[in-house]
Amino acid sequence: MIDKDSKTLLEIRDLHATVNNIEVLKGINLTIKSGEIHAIMGVNGSGKSTLTKVLAGHSAYIVTAGSVMFEGKDLFELEPEERARAGIFLAFQYPIEIPGVANNQFLRLAYNTVQAQRGKEELDPLEFDDFVRDKMKLLEMNPEFLDRSVNEGFSGGEKKRNEILQMALLEPRISILDETDSGLDIDALRIVANGVNQIANKENAIILVTHYQRLLDYIVPDYVHVMESGRIIKTGGKELALALETRGYEWVSAENRTAEGVVS
Amino acid sequence: MNEAVCNDDYLANMLKTWSEPSTSTLPWLDQLRSEAVDCVNALKMPTTRDEEWRFTDISPLIKLPFQVAKEPSQLKIKDIDHFFLGEAKIRMVFVDGQYSPQLSCITHDNDIIVGNLSALISCHSSEIATHLGQYTDFKNNVFAALNTSYLHDGALILVPHNKSVTAPIHLLFISTQKEVTSYSRCLIIAESSSNVTVIEDYVALQEVTYVTNSVTEISIADNAQVNHIRIQRESDQAFHIADCTASLAQGSQYKSTSVALGARISRYDLNVKLADEGAECSINGLALIKGQQLADTHTFIDHIKPNGCSQQLHKCIVDDTAHAVFNGKIMVRPKAQCTNSTQSSRNLLLSGKAQVDTKPQLEIFADDVKCAHGATVGQLDNEEIFYLRSRGLSEITARNLLTYAFGAEILERIPVISLRHQLEQTVLKQTQRN
């Protein structure tokens with residue numbers, strides 16, 4: 001929800017980044033305040049996923065210019081794990097499978113690491129089991145997923161639910177959901193969206209990266225941004241997503257070219 | 001005839017203490033031993049010029065012509081009870097190759113025949129004669145031939161038709177003395193529709209040099225199931241040379257999980273013959289080695305008849321200047337149509353000087369088969385590390401967890417919880433950095 005009195009969580013200024021020496025982000029500007037839900041849309045290759053990886057601190061993505069302030073601190077001073085502990089969460093488009101590590105062991109390790117960092121109480125295995133089972137209900141997840149290896153043999157939908165479960169456990173300030181809707185059938189989409197909506201509150205913020213309007217029927221964004229060639233070329237309300245759904249991206253692109261033409 | 005001059009000094013030495021058995025109550029057994037001696041005399045010690053030994057130089061063994069232990073060590077239960085497994089109702093203990101009834105625990109509440117081979121061989125002569133020495137290819141394997149020459153004590157497990165043994169059977173081979181050779185022997189006979197879990201466990205009480213030469217034969221009749229867990233945790237200075245052959249009849253299943261942790265040089269040959277239709281095997285292996293250790297695993301999965309299924313995952317975690325070898329041969333013979341076979345060799349190098357030689361080998365002579373194999377050698381995956389760091393774990397914690405998990409994936413397949421926990425601790429200890 002938009003509230004002009006809420007505080008700024010993330011401030012991205014003229015962000016440029018390269019991967020494999022190719023510039024993928026070419027000047028992103030975006031301000032995110034607590035309580036807000038932002039959708040980032042755009043065609044493949046527009047730089048959406050790169051933006052999420054840069055924010056989470058993946059070492060293959062090199063920031064070449066610009067700044068990102070997270071709650072007033074320079075985000076790029078922080079290692080990926082420090083960002084996670086400070087409250088940045090990335091739900092992966094392709095969650096990693098880790099055979100040999102039980103999901104409950106992994107979830108507890110992540111939870112306790114973050115709790116310890118925030119000066120909060122860590123949970124022993126039994127306490128954690130109760131706690132995590134409760135959170136799993138939010139996502140209608142079968143508790144048997146606790147005993148299996150992390151994401152191993154999970155279906156696409158189960159992996160995405162496991163991502164949102166981690167989000168529920170780690171209680172981030174900013175959650176970045178990278179195509180969380182991809183590979184989900186309509187029931188799973190509804191369940192995952194419902195989980196996200198229950199986690200969203202006025203203290204945190206969510207960035208949804210998606211191709212489709214479909215997800216935004218369930219998680220209603222306050223802002224919709226369209227990315228093209230490493231820049232945000234249009235920002236609007238939730239109605240922009242509907243317009244994209246019916247008209248495609250080309251008109252936004254054309255509008256942008258005209259606008260740039262006028263400028264130059 | 002056994003006086004023939006052996007063409008190899010080491011082998012000649014090894015046969016020095018061999019003598020023709022005095023009793024002739026079991027002529028077939030005397031004949032088996034004599035045949036084996038002939039084989040030792042005819043064979044040579046392998047060198048790195050032999051294809052099957054290309055990466056494993058066992059020449060250091062030649063300097064160690066250790067004889068069998070003269071005096072068995074006097075051990076008490078309390079000296080070894082930390083090796084015991086709570087789940088196992090039956091435990092056979094061998095000390096330096098000799099069976100120890102005092103340390104063993106054999107319950108007779110089952111119809112199964114279990115006990116020391118040399119004690120049971122007279123009253124079960126015909127059953128044993130059908131199987132003993134019939135699977136291992138000692139004519140072409142000098143170590144199996146040596147073992148068979150010295151055949152005496154050993155573990156015999158015979159599970160009758162339709163019998164399911166729920167508790168695992170623990171075969172504990174303990175080395176206590178330096179400079180001896182122990183000949184360990186196991187014979188597992190699973191009659192039709194029976195089911196048994198056997199743990200073959202090699203341990204040491206001292207970090208000294210000795211040699212273990214082990215031969216295991218497993219016969220699995222129609223629709224029977226054998227779950228075979230093999231743990232090699234010898235002294236880091238020991239030599240461990242082992243050969244296991246499993247023969248699978250129609251619709252039978254063999255599951256093998258082998259873990260190699262110890263020994264200066266170890267070599268494990270596992271031969272699985274899917275001798276009849278619809279047999280299935282699942283072969284999992286882990287070698288976790290460091291220092292100057294060398295661990296060599298050679299497996300041969302032989303699909304002989306149609307509708308067989310084999311699945312194999314072999315993993316090595318190699319640190320320091322250690323060297324792991326994996327040679328996984330899968331044969332699909334012309335009659336073995338509709339075979340389904342997968343093989344995967346995954347190797348993790350923890351230091352710049354660690355070495356792995358992996359050689360998946362697929363030979364297919366049938367046209368309607370599904371076979372997949374792959375091998376990887378390398379360091380930890382950066383995407384996996386990033387995933388864990390993005391959840392708040394430090395880089396070192398992420399690396400430690402992934403290294404542990406790499407090994408734990410194999411340990412997970414061990415159905416005996418107390419053993420699995422012991423091994424998890426070992427893997428944890430050996431994979432964690434500060």
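Hi everyone. Chain B splits into domain 1, made of residues 9-71 + 117-165 + 174-380, and domain 2, residues 381-434. Please keep in mind that this is a predicted model.

How far apart are the C-alpha centres of the two domains of chain B? The answer is 28 Å. In the contact, domain 1 of chain B takes part with 26 residues and domain 2 of chain B with 23 residues.

Now, the area. The size of an interface is often given as the accessible area lost when the parts come together. For domain 1 and domain 2 of chain B, about 2100 Å² is buried between them, and 70% of that lies on carbon and sulfur atoms. Which three residues supply more than any other three of the area that domain 1 of chain B buries against domain 2 of chain B? They are B:Leu288, B:Lys315 and B:Leu380, with 31% of that area.

You can look for B:Arg433 and B:Asp319, which form a salt bridge with their closest N and O atoms 3.0 Å apart.

Finally, let's look at the side of domain 1 of chain B that touches domain 2 of chain B. Five strands of chain B, namely β9 (225-233), β11 (253-260), β13 (280-289), β15 (309-318) and β17 (340-349), each supply at least two residues of that side. By type, the residues there are 14 nonpolar, 7 polar and 5 charged.

How values were computed:
Residues are numbered from 1 along each chain as its sequence is written. Chains are lettered from A and ligands numbered from 1 in the order in which they are written. This is a predicted model: local features need pLDDT of at least 70, side-chain atom pairs count only at pLDDT 80 or more; totals for chains, interfaces and linings use all residues. Side-chain values use heavy atoms; hydrogens and water are left out. Domain bounds come from an automatic or database domain assignment. Contact means heavy atoms within 4.5 Å. Buried area is the accessible area (1.4 Å probe) that two parts lose on being put together, summed over both. A salt bridge is a side-chain nitrogen of Lys or Arg within 4 Å of a carboxyl oxygen of Asp or Glu. Helices (H or I, at least four residues) and strands (E, at least two) are DSSP runs, numbered from the N terminus. Ala, Val, Leu, Ile, Met, Phe, Trp, Tyr, Cys and Pro count as nonpolar, Asp, Glu, Lys and Arg as charged, and the others, Gly among them, as polar.
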